[in-house]
Amino acid sequence: MGIATTNPATGELLKTFEPHKDQEIATKLDLAQQAFEHYRKTSFQQKSGWMQKAAEILEQQKADFAKIMTLEMGKTYNSAIAEVEKCAWVCRYYAEHAAQFLADVYVETDASKSFIKYQPLGVILAIMPWNFPFWQVFRFVAPALMAGNVGLLKHASNVPQCALAIEEIIQGAGFPQGVFQTLLIGADKIADLITDERIKAATLTGSELAGASLAAAAGKQIKKTVLELGGSDPFIVLESADLEAAVATATTARMLNNGQSCIAAKRFIVQEAIADKFEKLLLEKYQALKIGDPMQPDTDIGPLATPSILHDLDQQVQTCVKSGAKILIGGEALADHPGNFYPPTIVTELSPDSAIAQEEFFGPVALLFRIPNLDEAIKLANATPFGLGASAWTTNSQEQQRLIDEIEAGAVFINGMVKSDPRISFGGIKRSGYGRELGIHGIHEFVNIKTVWVK
């Protein structure tokens, strides 16, 4: 894929970008390293002021930034506005809490004085995806920069205008030159970057394949990585659940970002006693969703980001059908739309043991499974190589505790939709990756946790 803006709602190529050449990359690396030597000594008060200014810019220009996101990757304009506002929130959160999170922690030992000190590592490479082109970057930027690190962004090649806009925001907020830079490069340049001694660590949000590739390259250099990869999140609904609330949330949780979210609910695991009613209500919700121009305020579902994503999703659904599954609604790409549109789709009667049931579906496709009891619900929820998030619905406190204790995931939400929040840590286990973003744990990922002992 070239570095370009292609409108996914129309298929029109709008703008192309020349990738940075090797000499330009080297110059940016030099600038980043030079910036770090000075920036690492900057006070929390000063960094906080700049980060608060970044939040102000985001809020003041949110309409412009939202339009860029919708234009480049097809999310609805309303959801793009919400994304920009969330970015301002994470900037303010770390501006207000970083000093507390990174304060020296004193520990009584046999020394006269001993404590834990947190210090920045240096230049951090961030490899980010297209699906939340502002949020994914800012949830790295806010803690990393407040910790005293500097950042280099390799964004997805289909959202270059988002990448450049974020660099302008950071510069406009007053951060010194070189503290945050965008690299317009392809994935083929990442391995060389990782070998550069100026890069101290890397973070990636993306596919399993991309994560494995980065981890392998970084491992050879003994460099830390944080990986936030795919998910096949279960959405469990048990007999005692508030069914109306569960169905309403289920629809939102699956259709978030046109279905293109790692933490979207993807596998609906429903207790047999209420499965018929849940299926009926979910079908009604899906039938009411409006597909169309993502810039229009009444549009619920916009296009998928690229033609390849559309093709892959369609192939997955067809594989389900060949495996004996039944399609309740949707199931075929929309031929009457010029862009990458796929309708809301519900797949039932798919064997949970089939190979296709182990895959992540990145689009508005829900897999619906029926189970007899809580034991089977937990078993099926865990029967996946992924372990990012899980949503479970029950009013029974004992069931809630078992779900919390036994589901294999980085997050379990009871009677609510899985979401990221600056105040709480975010990340997965198994093939969903490792490390954490957000909260106090997120800012501790890219610091030297130094033990100091004085006598």
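**Grounds for the description**

Colleague: Why is the radius of gyration said to agree with that of a compact globule?

Modeller: With 455 residues, a compact globule would have a radius of gyration near 23 Å, and the protein has 23 Å, so the two agree. The radius is taken over C-alpha atoms, and the globule rule is 2.2 Å times the number of residues to the power 0.38. The C-alpha trace spans about 65 × 60 × 40 Å along its principal axes.

Colleague: What kind of model is this, and which limits apply?

Modeller: This is a predicted model, in which local features need pLDDT of at least 70 and side-chain atom pairs count only at pLDDT 80 or more, while totals for chains, interfaces and linings use all residues. Residues are numbered from 1 along each chain as its sequence is written, and side-chain values use heavy atoms, with hydrogens and water left out.

Colleague: What makes a set of residues a nonpolar core?

Modeller: Its members are buried Ala, Val, Leu, Ile, Met, Phe, Trp, Tyr and Cys residues joined through side-chain atoms within 4.5 Å. The largest such core has 123 residues, of which L58, F134 and F138 touch the most other members. Helix α4 (residues 77-101; a DSSP run of H or I, at least four residues) supplies the largest share, 13 residues. Apart from this core lies another of 25 residues, among them V237, A253, L289 and I346.

How values were computed
Buried means under 20% relative accessible area, exposed over 50%, partly exposed in between (1.4 Å probe, protein chains only). Helices (H or I, at least four residues) and strands (E, at least two) are DSSP runs, numbered from the N terminus.
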